[in-house]
Amino acid sequence: MKASKVAYKPVGLVLGAVSGVIAGTVFKQVWKVVGHDEDAPDATDEERGWREIVIAATLQGAVFAAVKAMVDRGGATVVRRLTGTWPG
């Protein structure tokens with residue numbers, strides 16, 4: 001394994017946690033607009049229908065994946081600028 005990849009592991013873990021927090025915040029704001037409600041439904045929410053639950057889960061997955069990709073790519077770019085090598 002390349003040294004840059006090993007050195008990036010702790011950075012990647014921290015960025016993963018940060019991206020989770022950011023994605024959760026973004027999803028809540030998006031759901032307020034899309035779902036016209038303060039809180040997204042849980043899978044076990046008896047008051048909500050299948051369609052709303054599946055739409056919320058799909059949207060949440062997309063938001064989390066997009067935010068994680070942006071944060072990971074940004075972190076890798078910063079590491080490259082600092083070290084001169086790509087951590088992948």
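Gly-75 has its place in helix H2, where helices (H or I, at least four residues) and strands (E, at least two) are DSSP runs numbered from the N terminus. This is a predicted model, so to speak plainly about the ground rules: local features need pLDDT of at least 70, side-chain atom pairs count only at pLDDT 80 or more, and totals for chains, interfaces and linings use all residues. Residues are numbered from 1 along each chain as its sequence is written, and side-chain values use heavy atoms, with hydrogens and water left out.

**Overall build**

- The protein chain has 2 helices and 0 strands.
- With a radius of gyration of 17 Å, well over the 12 Å that the globule rule gives for 88 residues, the protein chain is more spread out than a compact globule. That radius is taken over C-alpha atoms, and the rule is 2.2 Å times the number of residues to the power 0.38.
- The C-alpha trace spans about 50 × 25 × 15 Å along its principal axes.
- Take the contacts (heavy atoms within 4.5 Å) between residues at least 6 apart in sequence: 56% of them join residues at least 24 apart.

**Surface and charge**

- Of the 88 residues, 20% count as buried. Buried means under 20% relative accessible area, exposed means over 50%, and partly exposed is in between (1.4 Å probe, protein chains only).
- The accessible surface comes to about 6,300 Å², and 64% of that belongs to carbon and sulfur atoms. These areas come from the Shrake-Rupley method with a 1.4 Å probe; for residues, only the protein chains shown count as cover.
- There are 11 positive and 9 negative side chains, and the centres of the two sets lie 23 Å apart. Lys and Arg count as positive and Asp and Glu as negative, while His and the chain ends are not counted. Each charge is placed at NZ of Lys, CZ of Arg, CG of Asp or CD of Glu.

**The nonpolar core**

- The largest nonpolar core has 10 residues, among them Tyr-8, Leu-15, Phe-27, Trp-31, Ala-56 and Val-63. A core here is a set of buried Ala, Val, Leu, Ile, Met, Phe, Trp, Tyr and Cys residues joined through side-chain atoms within 4.5 Å.
- Helix H1 (3-34) and helix H2 (50-83) each supply at least two residues of this core.
- Setting aside neighbours within four places in sequence, Val-63 is in contact with Ala-23, Val-26 and Phe-27.

**Residues to look at in helix H2**

- Gly-75 is buried, at 9% relative accessible area. Beyond its neighbours within four places in sequence, Gly-75 is in contact with Tyr-8 and Leu-15. Gly-75 and Arg-51 are 24 residues apart in sequence and 36 Å apart in space, C-alpha to C-alpha.
- Ala-56 also lies in helix H2, and is buried with a relative accessible area of 3%. Not counting residues up to four places away in sequence, Ala-56 touches Phe-27, Trp-31, Ala-40 and Pro-41. Between the C-alpha atoms of Ala-56 and Ala-43, 13 residues apart along the chain, the separation is 9.4 Å.
- Glu-52, another H2 residue, counts as partly exposed at 27% relative accessibility. Glu-52 is in contact with Trp-31 and Pro-41, leaving aside neighbours within four places in sequence. C-alpha to C-alpha, Glu-52 and Pro-41 are 7.4 Å apart in space and 11 residues apart in sequence.

**The loop**

- His-36 sits in the loop between H1 and H2, and is exposed, with a relative accessible area of 71%.
- Although His-36 is not a glycine, its phi is positive, at about 55°.
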